[in-house]
Amino acid sequence: MSSRCALLLEILLALFFPPLGVCLRYGCCTVEFFICLLLTLLGFLPGIIYALYAIVLVNPDRDDYRGRYYVLA
């Protein structure tokens, strides 16, 4: 589980540039990052909404989390 300061930094970055906040949480070559990047390019507000969802509600520390998704690199 990440610290409160790191979580606050990721949320603030997600408000100004959504893919950067997701990149800090999950890495740059993950499905979450590319979904956020695509949504941000299509419209800034959907990118922010997805970034906040991915940062706050999805827990990457669970054991079964990575089994359902693919890492692109």
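A residue is called buried when its relative accessible area is under 20%, exposed when it is over 50%, and partly exposed in between, using a 1.4 Å probe and protein chains only. The model is a predicted one, so to speak of local features a pLDDT of at least 70 is needed, side-chain atom pairs count only at pLDDT 80 or more, and totals for chains, interfaces and linings use all residues. Residues are numbered from 1 along each chain as its sequence is written, and side-chain values use heavy atoms, with hydrogens and water left out.

The chain has four helices and zero strands, giving the order α-α-α-α from the N terminus on. Helices here are DSSP runs of H or I with at least four residues, strands are runs of E with at least two, and numbering starts from the N terminus. The chain exposes about 4,900 Å², 72% of it supplied by carbon and sulfur atoms; such areas come from the Shrake-Rupley method with a 1.4 Å probe. Taking contact to mean heavy atoms within 4.5 Å, 55% of the contacts between residues at least 6 apart in sequence join residues at least 24 apart.

Next come the helix pairs. Axes are lines fitted to C-alpha atoms, for helices over the stretch in contact, and angles between N-to-C directions run from 0 to 180 degrees. Helix H1 (residues 4-16) packs against helix H2 (residues 18-26) at about 150 degrees, with the axes 5 Å apart. H1 and H2 are therefore roughly antiparallel, a label for angles over 145 degrees. On the H1 side, the contact is made by Leu7, Glu10, Leu13, Ala14 and Phe16, and on the H2 side by Pro18, Leu20, Gly21, Leu24 and Arg25.

H1 also meets helix H4 (residues 44-57), their axes coming within 8 Å and crossing at roughly 165 degrees. That makes this pair roughly antiparallel too. From H1, Leu7, Glu10, Ile11, Ala14, Leu15 and Phe16 touch Phe44, Ile48, Ala51, Leu52, Ile55 and Val56 of H4. By class, this contact has eleven nonpolar, no polar and one charged residues; Ala, Val, Leu, Ile, Met, Phe, Trp, Tyr, Cys and Pro count as nonpolar, Asp, Glu, Lys and Arg as charged, and the others, Gly among them, as polar.

Glu10, found in helix H1, counts as buried because its relative accessibility is 6%. Leaving aside neighbours within four places in sequence, Glu10 is in contact with Gly21, Leu24, Arg25 and Ile55.

Technical notes:
Parallel < 35°, antiparallel > 145°, perpendicular 65-115°, else oblique.
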